[in-house]
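Hi,

Here is the structure I promised to pass on. Could you have a look when you get a moment?

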Amino acid sequence: MNKGLSMVGLATRARGTVSGEFATEKAIKEKKAKLVIVATDASDNTKKLFKNKCEFYNVPFFIVGNKEELGKVTGSVMRASLAVTDGRFSENIIEKLKQDEI
C-alpha cells in the first residue's frame with residue numbers, strides 16, 4: 001500500500017474523510033472536499049463523474065488503489081470513492097500521492 005493511502009487511514013480516524021459515492025459527491029458540491037480519490041477498479045462512469053466534478057469545482061483528483069484498499073483505509077469492506085475534507089491532511093496526502101506516482 002502506498003504512503004498516500006496510509007495517510008488517508010489517519011485522516012479517516014481523525015474524522016477528516018467521507019467515503020462512498022453519495023457522500024463524496026455531496027462533499028464536492030458543498031465545497032468541503034479538499035481531495036478526491038477514486039479506486040482504479042471503479043467503473044468508468046464513476047471515474048468520469050468524479051473527474052468532471054473535481055475539474056468543475058477545482059478539487060484535486062487521484063485514481064489510486066483498488067476498492068478493497070480504499071475500503072480498508074476507511075474501515076469499510078469496499079469503497080470506490082472517498083473525499084478528504086481536512087485541509088492539512090489533504091495537502092500531505094497529495095504530496096505523498098505525487099511522490100508515489102514517480
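Below are my notes on one helix and on an aromatic pair.

This is a predicted model, where local features need pLDDT of at least 70 and side-chain atom pairs count only at pLDDT 80 or more, while totals for chains, interfaces and linings use all residues. Residues are numbered from 1 along each chain as its sequence is written, and side-chain values use heavy atoms, with hydrogens and water left out.

Helix H3 covers residues 44-57; helices (H or I, at least four residues) and strands (E, at least two) are DSSP runs, numbered from the N terminus. From first C-alpha to last, the 14 residues of H3 reach 20 Å, close to the 20 Å expected at 1.5 Å a residue (1.5 Å times one less than the number of residues).

Thr-46, Lys-47, Phe-50, Lys-53 and Cys-54 are the buried residues in H3 (buried is under 20% relative accessible area, exposed over 50%, partly exposed in between, with a 1.4 Å probe and protein chains only). Seen down the axis, they fall within an arc of 140°, so they line one face of the helix (the arc is taken over directions from the axis to the C-beta atoms). Their cover includes helix H2, strand S2, strand S3 and strand S4, with contact meaning heavy atoms within 4.5 Å. Turned away from that side are the exposed Asp-44, Asn-45, Lys-48, Glu-55 and Phe-56.

The count of aromatic pairs comes to one: Phe-56 and Tyr-57, edge-to-face, 5.0 Å centre to centre with 80° between the planes (rings of Phe, Tyr and Trp, its six-membered ring, pair if centres lie within 6.5 Å; planes under 30 degrees apart are stacked, over 60 edge-to-face, the rest tilted). Tyr-57 counts as partly exposed because its relative accessibility is 27%.

Best wishes
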